[in-house]
Amino acid sequence: MARRLAFAALVPLLLMFMAFVVSLACAFGPQQSHHLHLYMHDFAAGPNVSTIRVGVAHDTGPLLGGSKLWRFGDMVVMDDALTEGPGMGSRALGRAQGFYIAASSKGSDPTLHMSFDLLLTSGPYNGSTLAVTGRDNVMAPVRELSVVGGMGRFRMATGYVLMQTVEWWHGEYALLELDVYVHA
Ligand SMILES: *[C@@H]1O[C@H](CO)[C@@H](O)[C@H](O)[C@H]1NC(C)=O
Ligand SMILES: *[C@@H]1O[C@H](CO)[C@@H](O)[C@H](O)[C@H]1NC(C)=O
C-alpha cells in the first residue's frame, strides 16, 4: 500500500520532468549542420567600392607586416558582395557587413581583427544572418574565424569560417573564398 502511494506521488514528478524535456527540445530544436561556400568581394576603390576607411592612424602607427598601406589602428567598414562563384557577375548570395581593424602593433605581423555579419539574401537561408569574428593574418593561406551566433534560420548558431585569399590587386581589391561550417 505504502509502495503504491510512493509510486503515485512519483507520477506527477515524472510527468513534469517529461514536459520539461519536451519543452527544451522544442525551444532548441534539432541542430543541423550547414556548409556554405561563398566568395566575398572587397573593393577599396573603383566603381564597385564596398569599403570605407573610417579610422586612419595617420603616420604614427607601425606599418603592418611590411605593407605600405596599412598601419596599426587603421579601421575599415565594409559592405561586401557575396556571390556563388568567383566572378562579380555570379549569382548574388548576400552581403558581408561589418569592419576590420589593423590589430597588430608588430611591424612583422600583418594581422587584422574582423567582425561582420553574413547576411544571406537568397535560397533557404534568405533573411538569416551569421555573426563572424576573429583574427585574420592576411598572409596565412587559410584563416579560421569564429561563428559566434546568428539570426533567423541560424539562431543560436555555432561554427567556424575558413577564409582564403583568391586574388589581391594592389590593395584595391581582394577576392576571398569562404567555407562556412555551422551548427544551428
Ligand atoms: C562591378 O560589378 C559589376 C556587376 O555588379 C561587374 O559587372 C563589373 O565587372 C564590376 N567592376 C569591377 C571593376 O570589378
Ligand atoms: C528574400 O526575402 C525578401 C524579404 O522577405 C524578399 O523580398 C525577397 O524576394 C527574397 N529573395 C529571394 C531570392 O527569395
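**View 1. A nonpolar surface patch made by Ile52, Val54 and Val77****.** Together these three residues have about 240 Å² of accessible area (Shrake-Rupley method, 1.4 Å probe, with only the protein chains shown counting as cover for residues). Such a patch consists of residues with over 30% relative accessible area and no salt bridge, and nonpolar side chains (Val, Leu, Ile, Met, Phe, Trp, Tyr) are joined within 5 Å, like charges within 9 Å. A salt bridge is a side-chain nitrogen of Lys or Arg within 4 Å of a carboxyl oxygen of Asp or Glu. Val54 belongs to strand S2, residues 51-55. With a relative accessible area of 48%, Val54 is partly exposed (buried is under 20%, exposed over 50%, partly exposed in between; 1.4 Å probe, protein chains only).

The model is predicted: local features need pLDDT of at least 70, side-chain atom pairs count only at pLDDT 80 or more, and totals for chains, interfaces and linings use all residues. Residues are numbered from 1 along each chain as its sequence is written, chains are lettered from A and ligands numbered from 1 in the order in which they are written, and side-chain values use heavy atoms, with hydrogens and water left out.

**View 2. The surroundings of ligand 1****.** Phe43, Asn48 and Met88 surround ligand 1 (a residue is near a molecule or strand if one of its heavy atoms lies within 4 Å of it). From Asn48, a polar side-chain atom lies 2.5 Å from an oxygen atom of the ligand. On its own, ligand 1 has 370 Å² of accessible area, and the protein covers 40% of this.

**View 3. Thr133 in strand S6****.** Strand S6 spans residues 129-137 (strands are DSSP runs of E, at least two residues, and helices are runs of H or I, at least four, numbered from the N terminus). Thr133 is partly exposed, at a relative accessible area of 23%. Leaving out residues up to four places away in sequence, Thr133 touches His113, Met114, Ser115, Leu145, Ser146 and Val148 (contact means heavy atoms within 4.5 Å). The side chain of Thr133 reaches the backbone oxygen of Met114 at 3.3 Å. A polar contact is a pair of N or O atoms within 3.5 Å; within protein, one must be able to donate a hydrogen and the other to accept it, and residues adjacent in sequence count only if both atoms are side-chain atoms. Gly149 is 16 residues from Thr133 along the chain, and their C-alpha atoms are separated by 9.8 Å.
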